[in-house]
Protein chains: 2
Amino acid sequence: MPTSEPLEIREERREQVVRAVESGDTSRVKQLINTLHPADIADLLESIPQDERVLVWQSANVNTLGEVLIEVSDGVRESLLEEMSHIRQVEAISHLDIDEIADLFPDLSDRVVAEVLLNLDKETRKGLDQVLAYPEDTAGGLMNIDTVIIREGVTLRVVRRYLRLRGELPEYTDKLFVVDSEYRLKGTLPLSSLVTHKGTTLVSDLMATEIVDFNAHLPDDEVAAAFERYNLISAPVTDNENHLIGRITIDDIVDVIREEGEQVIMAQAGIKEEEDLFAPIHRRAKNRALWLGVNMVMAIIAASVITRFEATIEQIVALAVLLPVIANMGGNTGMQTLAVIIRGLGNDTINPDNAFAVMRREFLVGSFNGIIFAVMTALITTFWYGDIALGMIVAMAMLITLSSAALFGAIIPVILERMEIDPAVASGIVMTTIVDIIGFFAILGLASLLLT
Amino acid sequence: MPTSEPLEIREERREQVVRAVESGDTSRVKQLINTLHPADIADLLESIPQDERVLVWQSANVNTLGEVLIEVSDGVRESLLEEMSHIRQVEAISHLDIDEIADLFPDLSDRVVAEVLLNLDKETRKGLDQVLAYPEDTAGGLMNIDTVIIREGVTLRVVRRYLRLRGELPEYTDKLFVVDSEYRLKGTLPLSSLVTHKGTTLVSDLMATEIVDFNAHLPDDEVAAAFERYNLISAPVTDNENHLIGRITIDDIVDVIREEGEQVIMAQAGIKEEEDLFAPIHRRAKNRALWLGVNMVMAIIAASVITRFEATIEQIVALAVLLPVIANMGGNTGMQTLAVIIRGLGNDTINPDNAFAVMRREFLVGSFNGIIFAVMTALITTFWYGDIALGMIVAMAMLITLSSAALFGAIIPVILERMEIDPAVASGIVMTTIVDIIGFFAILGLASLLLT
């Protein structure tokens, strides 16, 4: 009988642990915590304060600590490592796959790194060196070295016997890699054809030779796109001479895709790195302060436009009421355009061939809404202040602001991407400042020209 | 020899097609377009204007049109369907898997749906009915019916012979499903153990009985979380009586995860549905106008606070300069908190157990930065206007605004989630309005009390 509803059981176990942790019942925590999946332990640690975290962390089995360290966010990882002795760190990390060890290295002290390396056998250390040779966000950085390789000259029966002797296959093994005597990739053999074909068939007759392999230097987002496009579960990684050096599996790709989405959201809000909810207040405040500082400088630059028109505002105080409305509408229009453009740049549907046409159309969309909201604000302002001239000026300012918001919302991310600056991080702040300046100039300039 | 660098070849082919399309060379487009992967055709269609789209669409092989319709965004799909006759729609759709047909049904006319149903054999129609019985965003809506089932009483040799007779396995088949005579799920048999064990072994001796299966009503984000947690490639879907009714595969999960990320970004900007870059201007403007309208109402509500203090502003015009700075800083602080909280709610690290503690800490983070920026603005304002009293008032207003921005940034998404409103959509606008009102009241109220 299959365990019915494992998801519900998981939730139940989680709650038992939470209750044990809250009541500080150390022996019960020790007894329960190791029934949880490492990913569940990671989620639990993220959601509890520092003192409870220590209790959970010291109760968990050292075999699972490494997996948990991989799963938690950067901030929490830091706090957990601080609670571990050097020896415990080394022991926890020794249980991990090579690509995972490589991911953790930047967070470890030199002493721990040295001891981990000493504990590895020669071949594993060689594999680790190879993974570490590539940046984290490339195919080489993503790969593991758990490839199952075969030769093309043998029959399926021989392959099956080899696999039986070898025992369990690495996770996500949907295909075996066929290499020549110099480890050059010749093809791949799907596990399913091993099952669906006769034992006398030769590997060379059955192997796929039109395969998707990744050069170790390929950026991880391109690897992810290819996994999606070609429905891959695993794929070989090769060096510049087509030698097989590793394997990328779909679980790492899922992580890349999830992180891409989260990074855009965090980047837009100007949060430097993943935050630990229970990190010391000053550390989290610091993580956000730089962004707020930049914003303040930009806001002051935009506001300095207003100071030039203080005399006008003194005469027509209504302008002070309308300024934030103009800024709000401009900012929102620009953010809509940014969302569309950044998505298009991300999936390559916006490219040098069509960038100009796309910008032109964004400008028209902004102008279309600009006209609609210009009419609305004209009516509201005229009604509110009983001043048709003021209504007309606000309408003109609204149209100018909304159409330039859409235009700059389209231009800025394209330019930033060409300058190799992440458009998700910087576009919002640059766009908002420019649009504020234009909006303030438009309404105050028109008012001072026409009304005073 | 493996095709070296298929990714580069793909890029080259794409450019050839683009050039052929741009030069209007119909016969060359026809010749080249069918060498592209459906996902590549979809990307190409997204990135070109309507008239070029028609050319590409009419040149593509009808076998691939269905796949392309699945890959494109909602807006583009609409424009492509408009270009197809009923017969061509029916033919294109008939080539798809059942879960894909089900996904397209909402976009098709009743006549096309009826004809597609007529073309299906009885069993497939029954399967389709089953998929359509569940909402798109549940396990049932995600599933396909291409399960490979076996009985527990047979040997591996029998299973292998069955698979050989059956021929090619469905994509992403990493395990076979073991059911009893009434189709109730008993366990799963990994393909790899079929390969690594002797032919005389019984399925019942080898099958996994602790399996992760999904009730058809489970929401898709929980399915996705379980796929990540338990490293799944495929998983069975069952009804309430534990009958096997379908199978979910990792490719659909990757789509769910990617869409989750994109939806948050679009939702935050108030874009109702995925936009076609080349849709008619008025249609795209309409897609964004509702959000801008809501924003304008909220901005006017916030601005109406300012009208109560027009007399104060007339006396101290500097306040008109400072209002947008306060609003900007409050909005940004709140957005930072929102990003952290919405992420935490999404991955369940923020839950009823710790929500209060999290809010308290957010408030403290906001207040910490509030103090820092209060001091800075006090210095800047005093220096700028030579008015210490004004500087002190701006500082107080800044502190009040930033701490309440962080507090409301934490409270609002938690409340919205409890009201079952998507926090990504509504949190930003509600938070900004509240924070603007508080900020405007703080600076203008303090100024009118203390300075006039």
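Two residues are in contact if their C-beta atoms, placed from the backbone, lie within 7 Å. This criterion applies at several stops of the tour below, which concerns a predicted model.

**Stop 1: B:Asn332**

Please select B:Asn332, which is located in helix 19 of chain B, a helix spanning residues 318-346. Across the chain boundary, B:Asn332 touches A:Leu292 and A:Asn295, residues up to four places away in sequence being left out. Is B:Asn332 buried or exposed? B:Asn332 counts as buried, because 25 C-beta neighbours lie inside 10 Å, and the threshold for that class is 20 or more. B:Asn332 and B:Ala406 are 74 residues apart in sequence, while their C-alpha atoms are 9.5 Å apart in space.

**Stop 2: the contact between the chains**

Now extend the selection to every residue in the contact between chain A and chain B. Each side is made up as follows: 111 residues from chain A and 111 residues from chain B. On the side of chain B that touches chain A, helix 19 of chain B provides the largest share, with 16 residues. Colouring that side of chain B by residue class gives 58 nonpolar, 27 polar and 26 charged residues. The copies meet through the same surface, because 100% of the interface residues of chain B are also interface residues in chain A.

**Stop 3: the rotation axis**

Display both chains as C-alpha traces. Chain B is superposed on chain A by a rotation of 180 degrees with 0.0 Å of shift along its axis, at an RMSD of 0.1 Å. The two copies are therefore related as by a two-fold rotation axis. Which residue of chain B comes closest to the rotation axis? Select B:Gly261, whose C-alpha lies at 2.2 Å from that axis.

**Stop 4: the domains of chain A**

The domain assignment gives domain 1 (6-142), domain 2 (149-268) and domain 3 (281-450). Between the centres of domain 2 of chain A and domain 3 of chain A, taken over C-alpha atoms, the separation is 49 Å.

**Stop 5: a sheet in chain A**

Finally, select the strands of chain A that form an open sheet: there are three, in the order 1-2-3, with mixed pairing. Its edge strands are strand 1 (149-150) and strand 3 (185-190) of chain A, each of which pairs on one side only. Strand 2 of chain A, residues 175-179, pairs with strand 3 of chain A in the antiparallel sense over five bridges. To view a bridge, show A:Phe177 together with A:Thr188, its bridge partner in strand 3 of chain A.

Conventions. Residues are numbered from 1 along each chain as its sequence is written. Chains are lettered from A and ligands numbered from 1 in the order in which they are written. This is a predicted model: local features need pLDDT of at least 70, side-chain atom pairs count only at pLDDT 80 or more; totals for chains, interfaces and linings use all residues. Domain bounds come from an automatic or database domain assignment. Helices (H or I, at least four residues) and strands (E, at least two) are DSSP runs, numbered from the N terminus. A residue is buried if 20 or more other C-beta atoms lie within 10 Å of its own, exposed if 12 or fewer, and partly exposed in between; C-beta atoms are placed from the backbone. Two strands pair if DSSP finds at least two bridges between them. Ala, Val, Leu, Ile, Met, Phe, Trp, Tyr, Cys and Pro count as nonpolar, Asp, Glu, Lys and Arg as charged, and the others, Gly among them, as polar. Copies are superposed by least squares on the C-alpha atoms of residues with pLDDT of at least 70 in both.
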